[in-house]
Amino acid sequence: MANTLQFDLVSPERRLASVLATEVLIPGADGDMTAMANHAATITSLRPGLLTVTGPEGKMTYAVTGGFADITAASTSVLAERAVPLSEVTAEMMDGLIADATTAAAAASVDARNVTDKLVADLQALRAAVGV
Amino acid sequence: MPSLKALKNRIVSVKNTRKITKAMQMVAAAKLRRAQDSAEAARPYAERMMAVMSGLAASVGGSSTAPKLLSGTGNDKVHLLVVMTSERGLCGGFNSTIVRLARGKIRALLAEGKTVKILTVGKKGREQLKRDFSTLFVGHVDMTEVKRVGYADAQGIARDILARFDAGEFDVATLFFNRFQSVISQVPTAQQIIPAIFEQVETESTLYDYEPSEEAILADLLPRGIATQVFTALLENGASEQGARMSAMDNATRNAGDMIDRLTIVYNRSRQAAITKELIEIISGAEAL
């Protein structure tokens with residue numbers, strides 16, 4: 001199968017998925033990107049967002065909160081700090097994450113402000129996208 | 001010669017001890033399996049992370065703008081030692097081996113005129129190190145409440161270490177923990193985490209595109225890498241603790257068995273002696289008549 005790639009989703013505590021996929025939509029730090037077979041080798045960091053894997057067995061969507069993705073021609077591995085299947089995301093979980101990020105943003109120095117504010121905005125966008 | 005009753009009591013008490021150590025051994029065996037599973041499950045992430053980071057470090061490391069976490073602060077005057085031990089005892093030499101390694105390192109550093117700061121994780125190590133180096137302590141992480149080590153725990157410790165680093169409290173950080181090899185063998189290990197050291201791994205020479213820039217990714221990854229290293233160390237330590245406890249309790253159970261056998265022989269012998277003595281008294285009494 002020339003047009004599939006090996007997709008791995010790994011969190012620090014365990015491997016969440018290891019499947020064949022035709023395309024993987026990754027929420028990259030500089031914007032979304034879709035990895036397909038024979039993609040140029042790329043490493044990108046992630047922003048909080050939705051990760052969608054399309055494969056022979058259908059579509060799976062995960063909410064991820066940062067980490068990075070390692071894309072090569074034959075495989076894509078996403079190392080997410082936290083990844084949860086879309087159906088298991090709860091409002092409390094999102095609220096907790098947003099609250100943490102907001103306190104961190106409030107405490108951050110002026111230099112780090114951009115980064116922390118973006119994190120809060122990304123989390124809020126993720127919450128809206130999840131729709132909880 | 002203790003009385004029969006005293007002997008009997010001792011046998012009963014040793015039998016009770018054996019029951020307890022046997023139960024502890026079985027609990028440790030069950031926990032060990034779980035600890036090993038989680039250590040196993042965490043491995044892919046840690047390995048991937050290190051591979052990517054060492055690739056990045058190799059390409060960025062030389063430049064003068066490299067992050068401090070990688071290049072260091074430029075001197076190595078103040079050392080932070082993070083000593084990881086268990087919260088509970090009864091696990092053989094587990095805690096002592098770590099503490100011995102840490103103590104050796106502390107003495108060596110002090111002899112070189114460096115400043116040493118100690119951060120302990122786990123109660124047992126703190127108790128042992130407090131005796132000699134109570135003035136060097138800067139903090140302690142209590143894991144008593146933690147039933148199962150999660151990534152969040154490691155993140156907490158890593159955040160603490162990073163905050164101290166950003167505040168300029170130390171130049172070099174080293175982790176002390178036991179690396180799990182097998183049930184009977186745990187290797188006390190010292191691992192330097194700041195500045196980061198990477199083993200030169202032979203990476204396939206794929207040329208990667210980086211998004212955003214290499215340095216931005218590296219700056220993002222290094223703190224995560226520290227959390228990952230702390231997490232790995234915690235898991236290894238957890239598995240080692242259970243392994244050490246299991247073999248210690250196995251030994252204790254066997255010792256208790258031996259002791260019961262010996263005591264039973266002594267008990268039977270003195271019971272026989274008592275009977276013989278009584279018989280002799282009766283017979284000699286009858287003959288005297």
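1. How many residues of domain 1 of chain A are in contact with domain 2 of chain A? The contact involves 8 residues of domain 1 and 7 residues of domain 2 of chain A. On the domain 1 side, the residues that touch domain 2 of chain A are 5 nonpolar, 2 polar and 1 charged. Domain 1 of chain A covers 5-86, and domain 2 of chain A covers 89-130. Taken over C-alpha atoms, the centres of these two domains of chain A are 21 Å apart.

2. This is a predicted model, with scores of ipTM 0.81 and pTM 0.86. For chain B the mean pLDDT is 88, and 95% of its residues reach 70 or more. Where pLDDT is low, the predicted coordinates should not be read in detail.

3. Between the chains, 23 residues of chain B are in contact with 21 residues of chain A. On the chain B side, the elements that contribute two or more residues are α1, β6 (209-211) and α6 of chain B. The largest share, 8 residues, is from α1(B). By class, the side of chain B that touches chain A comprises 14 nonpolar, 4 polar and 5 charged residues.

4. Within chain B, helix α1 (residues 4-60) packs with helix α6 (residues 214-288) at an angle of about 160 degrees, and their axes are 5 Å apart. α1(B) is therefore roughly antiparallel to α6(B), an angle over 145 degrees being counted that way. The crossing of this pair, α1(B) and α6(B), is left-handed. Their contact contains 33 nonpolar, 16 polar and 12 charged residues.

5. Helix α5 (residues 151-166) of chain B also packs with α6(B): the two axes come within 8 Å and cross at roughly 125 degrees. α5(B) and α6(B) are therefore oblique to each other. The crossing of α5(B) with α6(B) is right-handed.

6. Which residues of α5(B) meet α6(B)? They are Tyr151(B), Asp153(B), Ala154(B), Gln155(B), Ile157(B), Ala158(B), Ile161(B) and Leu162(B). On the α6(B) side, the partners are Pro223(B), Ile226(B), Ala227(B), Val230(B), Phe231(B) and Leu234(B). By class, the contact of α5(B) with α6(B) has 12 nonpolar residues, 1 polar and 1 charged.

Note on methods:
Residues numbered from 1 in each chain as written. Chains lettered and ligands numbered in written order. Predicted model: local features only at pLDDT ≥ 70, side-chain atom pairs only at ≥ 80, totals over all residues. pLDDT = per-residue confidence, 0-100. Axes fitted to C-alpha atoms, helices over the stretch in contact; angles between N-to-C directions. Helix = DSSP H or I, 4+ residues; strand = E, 2+ residues; numbered from the N terminus. Parallel < 35°, antiparallel > 145°, perpendicular 65-115°, else oblique. Left-handed = near helix turned anticlockwise from the far one by under 90°. Nonpolar A, V, L, I, M, F, W, Y, C, P; charged D, E, K, R; others polar. Domains from an automatic or database assignment. Contact = placed C-beta atoms within 7 Å.
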